Amino acid sequence: MVEERLEDETRDDEGEPDEIVGEVAHTAADFAHAWSYIPAFRRLRSWGYLLPTVWAVGIATTLFMGGGREPRSELPWTTVLPSGAFVVILIIGVTRMKSSWAERAFKDAGPGKVRFRFNDAGYYSTSPLREARLAWAAMPYYVETPLAFLVYTSTQTVMVVPKRAFAADGAVEALRALL
């Protein structure tokens, strides 16, 4: 019954008075921004900060508290170089993973504008490549970021809804209240 209501309400291109309607052409920057807020990627990103910090503390500890009363004046390159190379490779890998994910997601979204519609029944979007519908009861959760709403259509699938799609005054606040 909920799906029938959603289908009936989404047929009108102008939108019903109680609908929140927005339209936007996604950019790769939308997906790059979203990457930082997706829980699995957020945990991975934290390793990119944690490991260099642990490495620097370990090197400093070894250098200044080397076991005697005097600070060590040198560290063996066999300690510093491999561990430093590992940290650099990790940082580069995480950065490349972010950019490649964003590029793939942007290509998967396809060209053209995406039209988003939110109402009491649920969420609906259309683009040149696909349509998506989701009743509120089926939505696992959403994440709000400074620039977008990340609407999860399943536990592993996210729809990036940029806030700039909603030009009407108060539309973002209304959408926040509805979600």
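**Close-up 1. Arg 164 and Asp 30 are joined by a salt bridge, with 2.7 Å between the closest N and O atoms.** A salt bridge here is a side-chain nitrogen of Lys or Arg within 4 Å of a carboxyl oxygen of Asp or Glu. The pair links distant parts of the chain, with Arg 164 in the loop between β7 and α5 and Asp 30 in helix α2, 134 residues apart. Helices (H or I, at least four residues) and strands (E, at least two) are DSSP runs, numbered from the N terminus. Arg 164 is partly exposed at a relative accessible area of 45%, whereas Asp 30 is buried at 10%. Buried means under 20% relative accessible area, exposed over 50%, and partly exposed in between (1.4 Å probe, protein chains only). The model is predicted: local features need pLDDT of at least 70, side-chain atom pairs count only at pLDDT 80 or more, and totals for chains, interfaces and linings use all residues. Residues are numbered from 1 along each chain as its sequence is written, and side-chain values use heavy atoms, with hydrogens and water left out.

**Close-up 2. Arg 117 forms a salt bridge with Glu 19 (3.4 Å, N to O).** Arg 117 belongs to strand β2 and Glu 19 to the loop between α1 (2-9) and β1 (20-25), so the contact ties together parts that are 98 residues apart in sequence. Arg 117 is buried, at 2% relative accessible area, and Glu 19 is buried at 9%.

**Close-up 3. Glu 144, Lys 163 and Arg 176 make up a network of salt bridges.** Between Arg 176 and Glu 144, the closest N and O atoms are 2.7 Å apart. Arg 176 is in helix α5 and Glu 144 in strand β5 (residues 142-144), so this pair ties together parts that are 32 residues apart in sequence. Arg 176 is partly exposed at 33% relative accessibility, and Glu 144 is partly exposed at 29%.

**Close-up 4. Phe 31 and Trp 101 form an edge-to-face aromatic pair, 6.5 Å centre to centre with 70° between the planes.** Rings of Phe, Tyr and Trp (its six-membered ring) pair if their centres lie within 6.5 Å; planes under 30 degrees apart count as stacked, over 60 as edge-to-face and the rest as tilted. Phe 31 lies in helix α2 (residues 28-35) and Trp 101 in helix α4 (residues 77-109), so the pair ties together parts that are 70 residues apart in sequence. Phe 31 is buried at 6% relative accessibility, as is Trp 101 at 16%.
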